[in-house]
Structure formats: structure tokens, C-alpha cells
Amino acid sequence: MKKVAYYNYIALFLAFIAFSCTGPSGIKDYEEVTDYPEFFPDYRDVVVPPNIAPLNFDIKEEGKKYFVSISSENFEPVNIISKSPVIRFKEKIWRKMLTSNKGGQIKINIYVLGEDRKWTRYKQFAIEVANEDIDDYLAYRLINVGYVLWEKMAIYQRDLTSFKERPILHNRNTGDNCMNCHSFCNNDPERAMFHMRGKYSGTVVEAGDSLFKVNLKTPYTMSAGVYPSWHPDGQHIAFSVNMVRQWFHAVGKRNEVYDRSSDLIVYDIKTNTVTTSPKVSTKRRETLPTWSPDGRFLYYCSAPGSNDTLSYDKVKYDLLRIGYDTKNNEWGEVDTVLLSSALGRSISFPKISPDGRYLIFCLASHGYFNIYNATSDLYILDLQTGEYYPYPYNSDCEDSYHSWSSNGRWFVFSSKRSNGLCTKPYISYFDSDGKSHKPFLLPQKDPKFYYSFVLNYNVPELVKSAVSIDRNKLLEVATGDPINASFDKNVNIDALSGATKYNEM
Amino acid sequence: MHYNLSSLFTKIIIKISNDFQIHDIVKISSKLSIILYLYFFDPDIMKSRYSIIFSAIFFAIFFICVLLFIKPELIYHSQLSGFSFDKYSLVEYLAYPGGTTECISLFLFQFNIYPVAGALVYTLLTFLIVFILTMIINYYGSSKLDLLLAYLPAVFIGGLLTNYSFHLVFILILLIMLLFFYAFISIMKRFKSALVRIISFVILSALIYYMSGGLAFLIFSLLAFIYVLTKSEIRSIIVAIAIFVMALALPYLAYRYVFMISLGDAYLKLIPPYYYAKVDFILYGIYFYMPIVLLVKKAVGRVPESSAKTAPQPEKMTPAMLVQYIFLILALILVVHFMFQKDEKYKILVDYYAYNKQWDKLLEVVTHEPSKDRLITFHTNRALYHKGRLCESMFDYPQVWGVDGLFLSRYMVPGELLPTAELYIDLGHVNDAIHWGNEAFVQNEDSPQIIEQLIIANIILGNYKPAQLYINSLRKYLFFRRKACNYDRYIRNGDLPDIDILVKEKRSILPVNDFAVNREQPDHDMIRLLEDNHRNKMAFEYLMAYYLLNNDLGSFIKHINYADNFNYVSVPKSYEEALTLYAFEMQKRGKVMENLRLSKKTLGNFADYLGILKKYEGDRAKAKRELEKKYGNTYWFYIHYISPVTTKKKIIIK
């Protein structure tokens, strides 16, 4: 009796495998509707990199069975039949299909078997496959929706070619402390840094063979380093130093995060020195530095100082830049790139494409802390022509932090568009003409994953390959004592303290 | 018996996977416990029926202590942890040594929401510990003190459960440790080959290390080491050396090549991440008790080569047994009694009633046993408001915290985040309720109760997308699925009256015009809520209470006119007392308050109050005793003797 049941299961299993691999040749008897099917995530008309993990999705149409047929020019048709509305692709087949269709598209037909035993075919949609790969990894911090307190958090890396995710560092190993602002030099996993706050505070820096933790707070800077940007030479990191404050709204928007004051500094890894200039340490609020890909200019945002009697919603940041010669530690002159007054809104998070041509930035009603500001949209500035235009796929929710891929053809950004609460990473294709394409949500093995996932994907950064720091060494460094950075003796201290040194405020 | 047991397990699994009723689980659990009892108490091992009777009495008392004295629902409410059937969360637990046991413990812990089921879980786990311990002890042959040795951990587990923050994982780790050690002994007995023994130990070690963490593994290794040393064979020495090497090497290898953990955690991890309660030294005592038992048994005599199953058991009740029986039962009762954290239980009980909006019960408890605890004062004030008695009776209860017993947000500790969110939902200050709810969620993301508050707050504000996200999250908690479905139904169709009434009521008092929340001065927020909505009675009464508690009669008078918006039949007692005092002070400054109609009773009482003060020539310290006796529940007494503004007492957060 038991044996019979055993064989039955095997037969059933084999039949299932055979059916799900090849699928029926097609549904012949069906009713066609002119609407697109509803499914999540929305992958209709998106452009995807050929190395992306399968775009599994959940069909939101009611039905007893689902049949998905995928056709393309250069690959055999792939058919999936499923009793569940969740459609999962096999990774190998998916990869082959995308690789064969580089520069082309795959067309997807969805059929749903209704309660009346009749199939309905929905309008066909396409997914375009770009020629260019995206960097293999995405690094991000997963963090709860909190404002003041924190507890569980970790910086993760996700293999974009599959669904593998693993922590780079989890705070359960580092005294439950806060860790943030992970950043990479030219998307290189071997040149990276992140901050630790609270217990074991300091900035962990991996620069090639050396891994160390540094305390960037000096007697002459108002805080330790905050928002970072690696110089392309991999030896210098620009930071803002900020006195961050927060308050809460009673109606509508939840909170405001703002800087009481902020300046810029540059950290020299070789000499373990922090330097600055009176030009970027003024009474205005300078923040969010980013290097030009040639390393000659430091772009940053600047707003009037908090001593000026401006209400919070009138504080708008301009986009400026200053020359900096890393070899001689010489600062150039400040240039205005884009004025908030010209746009009527506040500029933040400038990030320049690796070819130096385009700059993506956030534009919001005020301030720079856009993760809590639904008016935040992405904009693109052509640095050659000076023209700027909105990213065509902005949402009415927060569209914020973004990062370029190393080849400049992709960028990832955070958006709350899917649930209005937590940021999720969206990937967008950016073609050589400066045109950006419809973004897609980071695919998950289980597409329903996002329905109940209440953590923020914070600071998504594309990385060329896996971060493979020796984890024991990383833990040792992260939980060890930091070295103290020294302040550049050549800097005019008076200029610094005369600017926005916190004690003077 | 085997058939019964497996069919019961199958039933449980089927029930869990369907939308089951808790009474089914309780029924099945009760049956299961009886079957387990009969099944495991192999008559070869426990021949004495006295043992069985004693065991039944002991665990019945244990069960009653947990159910009626400690109360599992309060343990649950204190820790507010749930078990989410979320794949991502589960995978997180599997990523580090000890996570698996933590995950299982969370699954079991959720049964505390139903008191009988919770008490059964604790009793069953403790029973299994005693049972396995008995079997282990029996391997060493019987002695007069075996009963005592086997039951002592159960006595102290009972004591540890009186600590409401005690994590279930600690009991589970002990059980797993003993189970693995018993398996090891069985293997040692069955297989004589040193290689097989070593391989078995390696497998068991790796398993226990992964499941329960470094410390459980080390104690297991220590037990195995002691056990092996009790053997006089050469091959046992080889096994002992292997155990020693393994105990040193495995954690290091795990640290170096497998898990991302610190070296300290690799060897000694016991406490779950993000668990901040102090671990009682008694727990470590119980863990290291087993090796001591083995050493004691070793000192008494060598391990018999033959099975312990053949060890003779007394058929008759001996005086030694009787003494042990009585001692153990008394010890259990006394340990639970003396370790019992009465104040902690009281505080959790009040918080529990407040969470469930059982205001009458709450007031009954605090009236019967007044407390100066800040959270209790806070909930008492909430209960008084909801029963329409805040302005009448607030000074009937201790108000030593002043305004900080009315609002918790000025000085916040983690356990007060959720109550603050609840208060702000009550007040219609919902945006800020979400703020505090999220802070609470950050501190305890496994709490379905916090998720529920966030759902309610988001629904009130019409933030349906975030509400849906939280609903989907709540759906993954076994005992909250139905609630999640109801909220889901509500945001889709709006056809659930219970939710709809609450939502409409709160929406009617929401502020319209934005303002900056003032955490330091919540009265400012109350004024803004009132300005936007004159009918927000709770904001009014909290504002008035704030001024009274803050000795600010000027502001009290300034805003008293808002009372016209609410149909008070007469001037509330505390307001009348404040007005009397204010009029008196004004009169002293030559200002007469006309149109102030105060009851004769209050005026008479105030005259009497002043008379007593006068009797002591205005010496408040001397008059205190008499005044407290007669007028201890008046605003006059509060402002003269209790108010922190008067006494200049300050809260210091360390």
C-alpha cells in the first residue's frame, strides 16, 4: 500500500516537472481582451540588463490557472503553466533567453483560466533587453521606518544576477549600533567605506589592501564625516560634516530633518588628514559632496545658514562646485552650477555619470533630506549643455537616493511609490542619448515579498562585484578602536571657526 | 501509543495550517500532554507509581502557578513578541548559531496569548527537562537523592518565570542540551567503536552548535567529556580527547569560516540579539547544574555498564522519598513566591488592561492598590478620562510625576513607546501616534500589537497603502490573521462597524492645520488640537489636567472657557478646587473674581483646609499629616505637597 502511494507521488512529480518545463504548446481556445493584465511588480515596457535575475511576477487577475507564454526572436518560446498566480522563471532559462536577446525584446502573453473554464488572453506586453550589463551587485542598508531610535540593521549586498543576498555587516555583531552611508569608489568593492554610530563609532575604510577604522571628528570640525564621496583616485574621500536636527509635523508630512550647520572636508587616506577650505566651510550650509569623474571638481549643495531667518520650507539648496587638486591640496574657486532660485525648488544628492556628461539630482520643495519629502523627484542635468529635465518616471511619492552603474547605462534609485512607506530600489536604463527608460523594481524570487516587507532599502549603491572583505577582519576592525584623523595644519583655523564651527553658533 | 502520538501531531499541523480555533489547540495540547506523559514514563524507568503521582501533582502545581499566579498573557504582553510566518524573518534566524532555537522559542512563545496554552507550553517543556534529566541520572544507577536532582531545575525554572522578561529560549536551550546529551549517552552505550562515537559526537556538536549557540555547545561538550571520563576504557580516553579538541576547535572554525560572529559569541553566545533584559545568574546555575550532577554521581559511583533501565526502583514509599516529594513541592511554591516580581506584574497588568481598553478593570486594580509608578499613573489618567472621571477624580490617585504622569513623551523609555502611540491615537494626534508607533516598531519588529496600532493610525489618516503593507505583515502572525483580514476588508469595503466607529470618531477630531509637535511642552499640542477642533474633549481635559499638574492656574483659567463646548452638568471637582484656590490667591492680591459660582461644599472644605493650615501657623510640614487625612485627594493638597513643581523633583534619565 505504501509502495503504491510512493510511486504515485513520483509519477505525479515527474508529470509536473515535464509539464512546467515545456508547457502546452499554447492555448488555442481563448477570449482576447484589450487590457493589459494586472501584475506585480509592473514590468511592462521596462528595459532590463541582460544579466538581471528573473523578473518573477504575481498576476493580480482572478483565475483557476495561469498560462504565461514568452516569445522572442532569438530564443525558443518559454511557456509556464501554473495554478498559482505567482510566475517564477528558471534562472538558467531566463539567463539564456536574455543573453540571446540582447538589444531586442521579449514578448509576454498572459492567459487566465476563469471560473467558467474559459481562457482569457490579455494584451501582450514586452520587456526590452539592453545590450549593456548592470554591475553585478547592489549594496544597501535595510532599516526600519524609524525616526529617532534604531535597533536591528545591516548593510547587505544582493547579487543582481541571482537572488542571493548576504550581509556585509550586521549590527547584531557590533553591539546593535547604527551603521550608515556605505560608499564605494567607482563602484569598486575593494574601495569602500561606511560609518558606525553609537557603540564602536568611527568610519570603516577599505582601501585596497588596508582596512581600518578612523575617527574623523577633529577639534576643528563640527562632527565626524557624514555624507561621503570617494575621489576617483581612491585615496581621498570628501565628506560633509553636519549638525543634523529633526522635528515632527502634526498634520500631513511626518517630520523634517535639517542641518543646523554643515561644511565640507576632504579626508586623505595616505596621510590620515582632514582638510577643508574657508570656501566650503562658510556660514552657509554646504553638504552632499560628489566628485566629478575626472576628480578635478567637487560638486556640492549649499543653502543659506540657519542663522538667516528662513522658515524650514524656504530653505533651498543650490548646486555649486569647486576645483580641488588632490596632489597639491589646493582648492580652486566656487562655481555656481544650478541655482535653486532658478528652479524654485531645492537641489540635493548630485551624482555624476561615469562619463562626466550627466548629473542626476533630486529636486524637492525644500531642504535636502528627501527620504521624508514626497515632493522629491529625480532630475537630469546635461553638464555639457546646462539643460536639465525631469526624469520621466517620477512618482507622487518620495523618489530619492540614486547611484550610477560603472558603465553609466544604469542607475538605481530609492522610491516609496509601491507602498508609500518604505523605500524600495528601482533600476532604470539610461541610454547613450541621455534618455532614461521606465524603471523596474529589484526582482525577488518571491514577487509577493514586497507585499509585507516593512524595511527600507536605504542608500542603494551599485557595485561591480561582491564585497569580499575578510569578515573576521572586518568585525575586528569594526569593533576595535579607531585611529584619530588629524586636522590639516595648513588650513586657516580662523577661517574655519569663523565659518560654521559648531561652538561658535 | 505510537500511532496515537503521530496522529495527534498530524492533527496539530493540519489545524495550524488551517484557520483553527484556539480551543481546539488547547484540547489537543491537553490530550497530547497526557499521552506524552504516559508514553514517556516507561514503566521500566519509573516503576514507582508514587513517582507518577508525585510528578502529576508537581506539574499540576507548576501549571497552576504559571496560569494563575504568573499569568502567561502578562508574559506575552510584557515581551510583545510574535512569530511571523515570513520567510525572510525565518531565514534571518537561520543565519547565526542559536537562531534556530530562538525561532522555535518565538513560535512557542506566541501561545502565551492564550493563557492555558501558554501555561501548557511552559509546563510541557519543564516536564520534558525533568524527564530527560531523570533518564540521564538513571544511567548512573539509582540513589536516594535522584528525585531531588531531577526536579531541582524545574523548581528554579518556575522561579525564573516570575521574571516577565525571561525569554522562553533559555528553557528550550536547556531542553535541547539535555536531549543531545541523552542522545550521546545512548550512542555511547550502543556503539563501542571509538570512531563511531567520535563521529556521532561531531555530528551532535555541529547540530547543537548551530541550533542553540556556543554556550549550549560548550556545556554539552562538558557533559559528554565528564560522562566519557567516567568510563574506564582506553577508547573512552580517545573520545574524551576528541571532545576536548572539538570543544575548542568547533567555535573557532564556525567563527573563522562559517558564520559572521565575534570570537566571544562563537564560544559563549547564549542571549538572543537585541535582548536587553538582565539574565539571572540562576539561569547559569541551572545550565551548569548538570555537569555538577554528573560529577556528584561520579563521586557516588561509576557508571554501570548495564543499562540504567535495569536499575532497581523502589516499589514502596520510603521516608527519603516522602521528604523529597514534600520538599520539592514546597520549594516550587516558595521559590515562585519569593522570586515573584509583584510590582512588575502589577505594572504589566495595568498596561495589559490599558492595551485592551479594559478601563473598569484597570481602575478597580489601581484603586485597590494605588501605585506611584509612572506608567501606572499614565494609564490611570487615561482610564479616568475614558470613564469620564479625569477632572473629577484624578487627585484620588497618586500624581507624584506631575505632567510626566500625563504624557510620557518628555522622558521616554522603550516600554513607553507603544502606550504613547495609543494615547495620541485617543487624542486624535494621529500623525504623532504614527511617529511613536514606528519608534516602538523599531524596538520590537516582532510585535503584532505594534503593527496593529500602526494599521489603525494609518487607516484613520487615510494612508491606505502603508496600512495595507502593515496588514499584510500582520497576516503572517498566526493569531492575528483574522484581525488582519478584518482590517483588509475594512479598507476595501469599509463595512466593519467596529473599526468604522473608531475611524470616524478619530477622524472627526483630527487637526487640520499643521504645527510642529512640541515634545517638551505637550500642552502646546493640546491647544493646537483644540483650536482646530473645539469638540476634542480629550485634548481639553488633558490640557486642563496638564495645567493643574504643572501648578499653572493662570493658563488653566485662560483656557477654561473651552469647557463651554462640552456639556458638563456641573463644574468638575478638581476644576472647582483649582478655581477656589485661584480665587483665594486673587483675593489676597486684591482682585475679586466675580461671576464665579462655587459649590458651598467646596468652599466649606477649602475654608476647613485653610483652617487646618492656620492651626499649624501656616507650617505646611506640620499640617501635612492632618491635611492628608482629610484632603489628600484634593488639588489643594497636590499643589502644596505632591506636585513636582512644588517639591522641585526632577526626572533624571540615565
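The radius of gyration used here is taken over C-alpha atoms, and the globule rule sets it at 2.2 Å times the number of residues to the power 0.38. In this predicted model, chain A has a radius of gyration of 25 Å, which agrees with the value near 23 Å that a compact globule of 505 residues would have. Along the principal axes, the C-alpha atoms of chain A fill a box of roughly 85 × 50 × 45 Å.

Within chain A there are five helices and 36 strands. Of its 505 residues, 46% are buried. Sequence separation gives a further view of the fold: among contacts in chain A between residues at least 6 apart in sequence, 57% join residues at least 24 apart.

Chain A is divided into domain 1, spanning 22–129, and domain 2, spanning 137–487. The centres of these domains, taken over C-alpha atoms, are separated by 37 Å. Their contact takes 18 residues from domain 1 and 15 residues from domain 2. On the domain 1 side, strand E3 (47–48) and strand E4 (57–59) of chain A each supply at least two residues. By class, that side of domain 1 has 13 nonpolar, two polar and three charged residues.

The description now turns to the partner chain. Here 34 residues of chain A are in contact with 38 residues of chain B. On the side of chain A that touches chain B, strand E13 (165–170), strand E19 (236–248) and helix H4 (471–479) of chain A each supply at least two residues. H4(A) gives the most to this side, with four residues. The residues on this side of chain A divide into 16 nonpolar, 11 polar and seven charged.

How values were computed: Residues are numbered from 1 along each chain as its sequence is written. Chains are lettered from A and ligands numbered from 1 in the order in which they are written. This is a predicted model: local features need pLDDT of at least 70, side-chain atom pairs count only at pLDDT 80 or more; totals for chains, interfaces and linings use all residues. Two residues are in contact if their C-beta atoms, placed from the backbone, lie within 7 Å. Ala, Val, Leu, Ile, Met, Phe, Trp, Tyr, Cys and Pro count as nonpolar, Asp, Glu, Lys and Arg as charged, and the others, Gly among them, as polar. A residue is buried if 20 or more other C-beta atoms lie within 10 Å of its own, exposed if 12 or fewer, and partly exposed in between; C-beta atoms are placed from the backbone. Domain bounds come from an automatic or database domain assignment.
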